[in-house]
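Hi everyone, thanks for making time for this. Let me put the structure up on the screen, and then we'll walk through it together.

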Amino acid sequence: MASTTITSNGTTKRKAANGISNGHANGATAPTKNADDQKEHDFFWTYTEEPHRTRRLAIIKAHPEVLKLCGAEPLTKYVVAGVVALQILCAHLLRDTPFWSLKFWAVAYIIGATSNQNLFLAIHEISHNLAFRSPLANRLFAIFANLPIGLPYSASFRPYHLTHHKSLGVDGLDTDLPTALEAVFLDSILGKAFFCTFQILFYALRPMAVYRVPFTWVHWLNVAVQLSFDYSLIALLPNYFSVNSVLYLILSSFLAGSLHPTAGHFIAEHYVYEHISDEARDPENKIPLPETYSYYGILNFFTYNVGLHNEHHDFPAIPWTRLPKLNKIAKEFYDPLPTHESWVYVLWQFIFDDKIGMTSRVKRKQGGRVVGGGNVAAKAKVADWTADEIEA
């Protein structure tokens, strides 16, 4: 059995009674201050290996049957098709509704943002080849899922996201980490509120400040199909759509990455919400820190179970429908890990808690691999990858 306690910062921390270590409970205790080892608002530097590979190997050893959960999920394509159809219908119905009307923004926030967040995370699933067995089919289907987002996104997302998995927390490779400029200028209540409001723009622009992946034919196809779709709505189907239709889709994407309940997952996944002890703050001690958090609430229904984020990073080849089963099989590994109870509260706490901010992230100097990064592979000291490794 496992006991559950609520920490002072609102996260849930489960502690296993059977003595199984969660890999970082030793460093997730009461709030402390140690200016010599690390300033309160510095990043959490570590020399330890990212935890997911280690836990994945341990789970496979204890429960080899989890490997049977890997593979494509046929349901994904039907869900995506339904959400794409819903967004196109809404774009049609709002074609004559004034942009600055309450109705337009209410529909965009309630239906549009939820739908486009769903499509963001559908593309996230597809980037792991979890909609079809064929890698090419996944690349093309991601472009289809991209249509209601309004701007081309899917082809660029994939290499950066796979690098995030291969190089979790690695400085200069993981584009999910805030940049130094963000850490300097946004680590205040107003700065964090600004970041949460416009975080979709930060995630879109930040990769170019870290490194750029080369354009491939998939990128060009993504751009061509998306611009053709937007143009068709405005110019070729004037009886059914208008400029407002495209504005609705783009506004939905913006709100999906702003102060929206489902947008809480962006911050909930990897920001450190535990209070770290002096001993764990010193990277020389090599005490693993809590750098991934799961959430098991109702919003997973709209977001392909992305809340089961420890499970997803442990086994990226397991699709969204089977992550709960993974959790059930390997319960002794996941019960001790800290979790979030509410994505809405995650946003609130991130903005107003002065102990949590832009630098509340675990960083490591070494390790990791870059996917599709061209010459930056040399920077990461990466050997040549095979096609099977890249698609893994």
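How many salt bridges does the count come to? Before I answer, a word on what we are looking at. This is a predicted model, so local features need pLDDT of at least 70 and side-chain atom pairs count only at pLDDT 80 or more, while totals for chains, interfaces and linings use all residues. Residues are numbered from 1 along each chain as its sequence is written, and side-chain values use heavy atoms, with hydrogens and water left out.

Now, the answer: the count comes to 10 salt bridges. The rule is that a side-chain nitrogen of Lys or Arg lies within 4 Å of a carboxyl oxygen of Asp or Glu. The general idea is that side chains of opposite charge can pair when their charged atoms come close.

Let's start with Asp-314 and Arg-55, whose side chains meet in a salt bridge at 2.8 Å, N to O. Asp-314 sits in helix α13 (residues 309-314) and Arg-55 in helix α1 (residues 51-62), so this pair ties together parts that are 259 residues apart in sequence. A quick note on names: helices (H or I, at least four residues) and strands (E, at least two) are DSSP runs, numbered from the N terminus. Are these two partners buried or exposed? Asp-314 is buried, at 0% relative accessible area, and Arg-55 counts as buried too, at 10%. Here buried means under 20% relative accessible area, exposed means over 50%, and partly exposed is in between, using a 1.4 Å probe and protein chains only.

Next comes Lys-365, which forms a salt bridge with Asp-171, with the closest N and O atoms 3.7 Å apart. Lys-365 is in the loop between β6 (362-363) and α17 (376-379), and Asp-171 is in the loop between α5 and α6 (180-185), so the pair ties together parts 194 residues apart in sequence. Lys-365 is exposed, at 54%, whereas Asp-171 is partly exposed, at 30%. Salt bridges that share partners join Asp-171, Lys-363 and Lys-365 into one network.

Now for the largest pocket. About 1,200 Å³ of space lies in it. In this method, a 1 Å grid is laid over the protein atoms alone; a cavity is a set of points where a 1.4 Å probe fits but cannot get out, and a pocket is an open set with protein on both sides within 12 Å along at least five of seven lines, while lining residues have an atom within 4 Å of a point. Grid points are joined across faces, edges and corners, and the volume is the space filled by probe spheres set on the points.

The largest pocket is lined by 38 residues, and Tyr-153, Phe-157, Tyr-203, Ala-204 and Pro-207 lie nearest its centre. Which helix gives the most to that lining? That is α8, with 7 residues.

Ser-258 is in the loop between α10 and α11, and Ser-258 is buried, at 5% relative accessible area. Leaving out residues up to four places away in sequence, Ser-258 touches Cys-196, Thr-197, Gln-199 and Ala-263, where contact means heavy atoms within 4.5 Å. Phe-254 is found in helix α10 and is partly exposed, at 24%. With neighbours within four places set aside, Phe-254 is in contact with Thr-197, Phe-198 and Ile-200. Phe-254 and Thr-197 are 57 residues apart in sequence and 9.0 Å apart in space, C-alpha to C-alpha.
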